[in-house]
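Thanks for coming. Please have the sequence and the model open.

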Amino acid sequence: MDAPVFLSRIATAFVTCGHDAGTLASQSNSKKHAILTHVFYDMYSLILNSTTTKDRFSVAMSGHSAAAAHGNHFQQSYTLQIQKIMEPIMARLGVKMWASNFGSGGLGTLQTGLAAASLMGPDTDIIMWDSGMTEKDGPPTGILALQSLLGGNRAPLLWFAKKEDWLLGPLAEKTGADIAGYGSGKGATWPKIESEKDIDKVAWAARYLACPKELKEVCQKEKYISRCWINRTGYTWEGIDLSIDVEDLPSKQSSFVAGRAGWHPGIFQHQIQGRRITFGILQALFDALKQWKNAPDFAVPDSAWHVTDYYKKIKDEVVAHASDWTGWCENKKIPLKFCTHPAQARTEFTPRYNAWETSLRSIISGGQQVQLNPSPNLYDPPDPFNPSLHPPEGEIDVLAIVENGVDFAPNLARIRDSARDMRGVSFTEKDMKDAAGSKHNPKIKPGKGWDKARFLGMTDNCDGQYDSFCVVQSCGLSGQNDERSGLRCDGFSGWLIFNLPNVKQGVIMARIQTWVGEVKAT
């Protein structure tokens, strides 16, 4: 069976049995089967490229608070559940795989989408969007799609949650970009529970997904599984003493992760959502391996995995049809170049890709960085074993099946190589740049009166990945990266000078909030 036929069968199963897990942005329902086959065939090529070149494969999501997994441990979010399964599989093929959750509560995705390649990563293979509650209109989604295609080194698959066909269909048809959709994962395949006696008969992972109204209270109690603290007294890791007494922490630890709103999904919904998306990636991987296996002398034709021309063609078509997209920027009253040219960004909002290099502090001139350093973490990583992140003993453990008896050490390089360094700050005196001020106007000198607002501990490690280590003051084990950090000033503050690299189009936008409260530095 050749790849197109094989993937056609996958696509049919994915739509028919997946209950909206893989619908397509297309203007015609009759085209969905063909387009879906094309999308997953291209994803198979991307994966084949990664496995052939021993490169990396990454997934990134931008979304609202539900997608950020508020109310849950950050690692329980469906985006990071994709990594939990895929990382050990790809590692056995020599590929480094990771997923990044860039969800932000109450904000939508426009502030990320305006420079998606900077803030979500320039080498991402799959970009996901999930912000239907906070972004009812289409333009922010379109802008994120454009910037993902224009700004990065790749042309990622755009896998968006329930997006209208009319918005992204033309982008797919005119540029050849791969655009798919995924639903909530709700469907008739969930095991039904008729009474409380039936609950224990259902596998743990699906136990509370389809509760009748009369059992709603019972299921709500089990919706979330989290904790904020595990005793670290006498805790050591690889010979390093990481013990700390809870009484020594500046904040009292909560009983569970905050954010348990009625509209936020719990662990079981996140888990099945992640599994369904992972299933699509696994199907493409399976086909890639099958073609590799069946190739003469295991030599796959270059045309099956070379993607440079594929990326270039899509990017060129996005530029060629630029006038078709500018309406999205007009709608949001932002410069049209954000819909026609790649943009860069620096911010203190977290999570963000490569968090130090995409921070505002990284481009400050004049030695002011030290006073704006993030605070150290409350304690050093890693955390002790957290049962909330694993199935109960005796239940089916998907990760154990993936490992198949061979333990997999996840990618914790930042922790393994620098457990001590992560408690430090970003800047030392050696890192300070020229303090002379502006080279264009010598009268402008660096001033005082600036401070930082709402920084998470060691914020430059809040990059949305599974092993990020952002310690929320009141819940050490939360793992949540979502924070609207920033730099504050008032009418008494002096100059803050930024060096902006690689400015080409001469368009600079800044987000300024006037309601941030008292500035302690003045």
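Start at Cys219, which is buried at a relative accessible area of 7%. Buried here means under 20% relative accessible area, exposed means over 50%, and partly exposed is in between, with a 1.4 Å probe and protein chains only. This is a predicted model, where local features need pLDDT of at least 70, side-chain atom pairs count only at pLDDT 80 or more, and totals for chains, interfaces and linings use all residues. Residues are numbered from 1 along each chain as its sequence is written, and side-chain values use heavy atoms, with hydrogens and water left out.

Which residue does Cys219 form a disulfide with? The partner is Cys211, and the two sulfur atoms are 1.6 Å apart. I call a pair of cysteine sulfur atoms a disulfide if they lie within 2.5 Å. Cys211 is partly exposed, at 26% relative accessible area. The torsion about the S-S bond of this pair, Cys211 and Cys219, is about -75°, so the disulfide is left-handed.

Next, Cys329 and Cys339, with sulfur atoms 2.1 Å apart. Here the S-S torsion is about 100°, so this disulfide is right-handed. The pair links distant parts of the chain, 10 residues apart: Cys329 sits in helix H12 (residues 326-331), and Cys339 in the loop between H12 and strand E8 (349-350). Helices and strands are DSSP runs, H or I of at least four residues for helices and E of at least two for strands, numbered from the N terminus. Cys329 is buried, at 0% relative accessibility, and Cys339 is buried at 0% as well.

A further disulfide joins Cys462 and Cys470, whose sulfur atoms are 1.9 Å apart; both cysteines are buried. How many disulfides are there by this rule? The count is four. With bonded cysteines counted along the chain, the pattern reads 1-2, 3-8, 4-5, 6-7.

Now the sheet. Five strands form an open sheet with parallel pairing, in the order E2-E1-E3-E4-E5. Two strands pair if DSSP finds at least two bridges between them. The edge strands, each pairing on one side only, are E2 (96-101) and E5 (179-182). From one strand to the next, the twist averages 15°. In general, strands of a sheet pair through backbone hydrogen bonds, either parallel or antiparallel.

Look at strand E1, residues 56-63, which is joined to E2 by six bridges. Ser58 stands opposite Trp98 in E2, and Met61 has Asn101 in E2 as its bridge partner. The chain goes from E1 through H3 to E2 in a right-handed β-α-β crossover, which means that, with the strands pointing away from the viewer, the path from the first strand over the helix to the second runs clockwise. E1 is also joined to E3, by five parallel bridges, and one of the pairs is Val59 with Ile126 in E3. Is E1 enclosed or open? Seven of its eight residues are buried, so E1 is largely enclosed by the rest of the structure.

Last, the helices on the sheet. Helix H3 (residues 78-91) lies across E1, E2, E3 (126-130) and E5, and runs at about 175° to E2. Helix H6 (residues 139-151) also packs on the sheet, touching E1, E3 and E4 (157-161), and its direction makes about 160° with that of E4. Contact means heavy atoms within 4.5 Å; axes are lines fitted to C-alpha atoms, for helices over the stretch in contact, and angles run from 0 to 180 degrees between N-to-C directions.
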